[in-house]
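Here is a quick walk through one model, from strand pairing to cores, salt bridges and surface. Have the structure open and follow along.

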Amino acid sequence: MLLKNLKISAKFNVLLIFVFLVGSSLSGIALERVLSQNAETAIVEESTGLMEMVEASRRYSLQHVTPLLKPKLETELRFIPEVVPSFAARSIFEQFRGIDSYKNYAYKDAMLNPTNLKDKADEFETQVVENFRQQPNLKEASGFVPGFENRLFYISRPFVITNQTCLQCHSTPDRAPKSQIRDYGSENGFGWKLNEVLGAKIIYVPAEKVFATGHRIFSIVMGIVLSVFALVLIIVNVLLKTTVIRRIKNIARTAQKVSLGDMDADFKESSNDEIGTLATAFDRMKTSFGLAMKFLNNQQS
């Protein structure tokens, strides 16, 4: 009922505003989805690259560093951590974190039964390890860490002993180097088995910066979209008033004058569009009405 009582220009403005709101909302939803997908893709690619770097450093250490240092384990008083591939990977990653833009990144060998208790898996990491144990074919897992509101992304791969020589330090305490027992004790890090999932290599990537960039892009693009929509709305509204509403009002005023007996009123429309045709029709009706009135007046006189 409310729309029925509105003038044509008001109804058209309501329609334009509705189109504006719907169009901008749909554009915003679509843009947000695209930016979120792009942000997640960028995070996955970055974290995968970091994981490959970690894996490469572990392989290099196992193939070239460990064989050189392992004979010294029995002669040195202190345990040589460089003999462990995990230590090399962490050390290289720490150097990487020295770059200011990567200082909030983290790498951890999350173990269920670690030699170094600093590597003990927390509740979330334990679940990641259990998932790898329950799904032997699962080679990688990633996603957002629960409780961080999509602000901390992780990528993980199973930690599996595939080299028989590694069991020298982790099978039983009596086989382990004395320096290892001296530094880490004989309670933890033993009983490991070949090809068993013992933990998970996990890299944590802060996603806030990537999403913040996406939000800035969203704000800029939506600002442009809203400005374009608003400009189009104004232009269409002005064109409607100048090409339709104002001309219809002129025809209506002239028709009202004619209805009151002013036969000299001019419709002032010479265009060939629909409104011009309407004005011409009214003008002919006025002429016909004028001739009829003259005829009636002549008959009466």
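## Ground rules and a strand pair

Two strands count as paired if DSSP finds at least two bridges between them. Helices (H or I, at least four residues) and strands (E, at least two) are themselves DSSP runs, numbered from the N terminus. This is a predicted model, so local features need pLDDT of at least 70, side-chain atom pairs count only at pLDDT 80 or more, and totals for chains, interfaces and linings use all residues. Residues are numbered from 1 along each chain as its sequence is written, and side-chain values use heavy atoms, with hydrogens and water left out.

With that settled, take β2 and β3: they pair in the antiparallel sense over four bridges. Ser 142 sits opposite Ile 155 in β3. Strand β2 (residues 141-144) has alternating side chains, with Ala 141 and Gly 143 buried and pointing to one face.

## The cores

Which residues have the most contacts inside the largest nonpolar core? They are Ile 43, Leu 50, Val 54, Phe 93, Tyr 107, Ile 203 and Val 205, in a core of 16 residues. α1, α2, β3 and β4 (197-206) each supply at least two residues of this core, and the largest share, five residues, comes from α1. A nonpolar core is a set of buried Ala, Val, Leu, Ile, Met, Phe, Trp, Tyr and Cys residues joined through side-chain atoms within 4.5 Å.

Leaving out residues up to four places away in sequence, Tyr 107 touches Val 54, Arg 58, Ala 89, Arg 90, Phe 93, Lys 201, Ile 202 and Ile 203, where contact means heavy atoms within 4.5 Å.

## Salt bridges

A salt bridge here is a side-chain nitrogen of Lys or Arg within 4 Å of a carboxyl oxygen of Asp or Glu. By this rule there are twelve. One of them joins Glu 52 to Arg 157, with the closest N and O atoms 2.8 Å apart. Glu 52 lies in helix α1 and Arg 157 in strand β3 (residues 152-160), so the pair ties together parts 105 residues apart in sequence. Glu 52 is partly exposed at 37% relative accessibility, while Arg 157 is buried at 13%.

Asp 109 has a bridge to Arg 58, closest N and O atoms 3.2 Å apart. Asp 109 is in strand β1 (residues 106-111) and Arg 58 in helix α1, so this pair ties together parts 51 residues apart in sequence. Both Asp 109 and Arg 58 are buried. Asp 109 also bridges to Arg 90, at 3.7 Å between the closest N and O atoms. Arg 90 belongs to helix α2 (residues 85-97), 19 residues from Asp 109. Asp 109 has a relative accessible area of 1%, whereas Arg 90 is partly exposed at 22%. Salt bridges that share partners also join Glu 52, Glu 55, Glu 140, Arg 157 and Lys 201 into one network.

Note on methods: Buried < 20%, exposed > 50% of the residue type's maximum accessible area, 1.4 Å probe, protein only.
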